[in-house]
Amino acid sequence: MGFRFDLLLLFTTLALLSTTTPTVLSDVILSRVDRRIDLNSQIVRVTSTLKVENAGPDPVSEILLTFPEVQAKDLAILKATLREGKGKVKNSGSSLPVNVANPEGMPPSLFFHSVLLPKALGEGHSLTIDVLAVFTHALRPFPEEITQADIQLVLYQDTAYYLSPYAVKAQSLTVLLPKARIETYTKLENTNVHGSDIKYGPYENLPPFSYAPIVVHFETNQPFAVAQELVREIEISHWGNVQVTEHYNIVHGGAKSKGEFSRLDFQARPHLRGASAFRNLVAKLPPRAHSIYYRDEIGNISTSNVWGDPKKIELLIEPRYPLFGGWRTTFTIGYGLPLQDFLFGSEGKRFLNFSFGSPINDLVIDNLIVKVVLPEGSYDISISTPFPVKQGQEAKISHLDVVGRPVVVLEKTNVVPEHNQYFQVYYRFNKLSMLREPFMLISGIFLLFVAGIVYMHVDFSISKSSASYLAKLQWDEVRATIQQVQGIINQCLSIHEKLEASLRDLSRTGDVQACKTARKTADSLLKEYSKELKPLLSFLQSSPQATQILPKVEELVAKERELQERLIAKHSTIVDCYEKKIGGRELENRVASHQQKVVALKQEVEDLLDYIEEI
């Protein structure tokens, strides 16, 4: 609805300002306009053939092309070529300069570009110009959300009359659609449908700024692959290789998927249960590409495939899951190329001749960043591009670099396959700089061997009479003593477990005598361990190296002794109750206080052991 409102507002503005159009524009007449709007992919390509006549006395050196604001924001590329004769292009391979223009007295909601003619068009003369306009995001899904089983329908809105500041004698329009299924389309005078094509016209004798809005609602299940960001890194090595690494962040730009996704239905009937999704992309790489890889954030994706011929290599890129509307994926592809195919010399400079856009077919790129990494030591850098781009420079530190490698950064938004043209990066490089990395590598290996020889022949041991060496010996003795203390405490804890086990056996068998025997054995062992601890504690108390850890060791010994006492008291209470035939709730009440303290002391002893172990 917003788009239709813009068109109606524009039509009203043109009607109000038509009388203020500069008189000079009436000298140019478009005697014939033939337009073709190709909607076979997500990229809209509009081809216009304009036959221009100069009906005034003054020569004309430029022709204005007009776009409404709603189209101008999606305009990705605009080309104009001069024709001569029937189907023959003058100066084949070159196109006419096209610049942004701001003519006075024009409606503010229109955007203008001027096509500069190779020579001024005199009175009564005519020429034919082919104009190619490429638009992105011009097809709008309608409905905006669909289920897995739905087909994808899109809307395209334009004008049946060629929007121009010049009068048009005769014109026609052909809209090319991918399928014969058309939901709705605007019907005007002289409108015909032939298969999947809609033809409007011919229309004759239309005044400047004539406008007839049309809407086409049709089915398309072509991949709407949109790279929200693509970073291409082209690294030059004068040792014979150009390494290309491309990082993609891709989203399906079509109707968003709603509801649940069934992989079973998709695998069984992909053309019915996933017609709007796409499961792979194809990248056309240079013919001598090698060391090709494709991976995502998880790792290498083995479902990719490569095949080729002497003219090209095609890489089949298949994500881990099919992409429905609104779904996204990120991945990286990389490959190497022979240096001699892309690096050349001219007037004492070297220059890289490389393609700008993405090798993936019919990919729309919202933001493209191309980084050209030059060899370290490159200088006098200049750039030549076939279209305006944002330029910058940075540095990259890589292996065996000293100051870093210069990096040329080119950035452009709204990129389409037509931007996949060659650009050049010129720089100077001293051949002696190529010896820098081998020299550093040889020097590093040499220093490594020298270090090994020195290490083998020089005594680095610390003097046995030095204070640091004596302190180390004392600390080793302290550490060994602490380990002995830990071992004795662990043995005591093991005896505690045996006492607990005897109580469990008593509750199961009622054998009081066996429980008393276990108690006597435990008492004798604990007394022996207590005797062994005394000399160890005395040593730690006399050693200056144990000053910091001694309080924790003493606390550990004290807590273990307290645990012994509580455990023995618990043991005596239970045995006494069994001898007096006391059980049930009264037994539990007598033991409860001992049990709570035993559990707490066990935890404290374990925490102290862990603390001392960490030290």
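**Aromatic rings and their partners**

In this predicted model, lysine 552 sits over the face of tyrosine 611, and its distance from the ring centre is 5.1 Å. The charge counts as over the ring because NZ of Lys has to be within 6 Å of the ring centre and within 35 degrees of the ring normal.

Ring-to-ring contacts come next. A pair of aromatic rings is described by the distance of the centres and the angle of the planes. Searching the whole structure gives 13 aromatic pairs. One of them joins phenylalanine 67 and phenylalanine 135 edge-to-face, with 6.1 Å centre to centre and 65 degrees between the planes. Phenylalanine 67 belongs to strand β3 (residues 60-68) and phenylalanine 135 to strand β8 (residues 126-135), so this pair ties together parts 68 residues apart in sequence.

Another pair consists of tyrosine 161 and tyrosine 203: the ring centres are 5.0 Å apart and the planes stand at 75 degrees, so the pair is edge-to-face. This pair links distant parts of the chain, 42 residues apart, with tyrosine 161 in the loop between β11 (153-159) and β12 (167-176) and tyrosine 203 in strand β15 (residues 197-206). Tyrosine 203 counts as buried, at 6% relative accessibility.

Which residues form one aromatic cluster? Phe261, Tyr321, Phe324 and Trp327 do.

Key. Residues are numbered from 1 along each chain as its sequence is written. This is a predicted model: local features need pLDDT of at least 70, side-chain atom pairs count only at pLDDT 80 or more; totals for chains, interfaces and linings use all residues. Side-chain values use heavy atoms; hydrogens and water are left out. Rings of Phe, Tyr and Trp (its six-membered ring) pair if their centres lie within 6.5 Å; planes under 30 degrees apart count as stacked, over 60 as edge-to-face and the rest as tilted. Helices (H or I, at least four residues) and strands (E, at least two) are DSSP runs, numbered from the N terminus. Buried means under 20% relative accessible area, exposed over 50%, partly exposed in between (1.4 Å probe, protein chains only).
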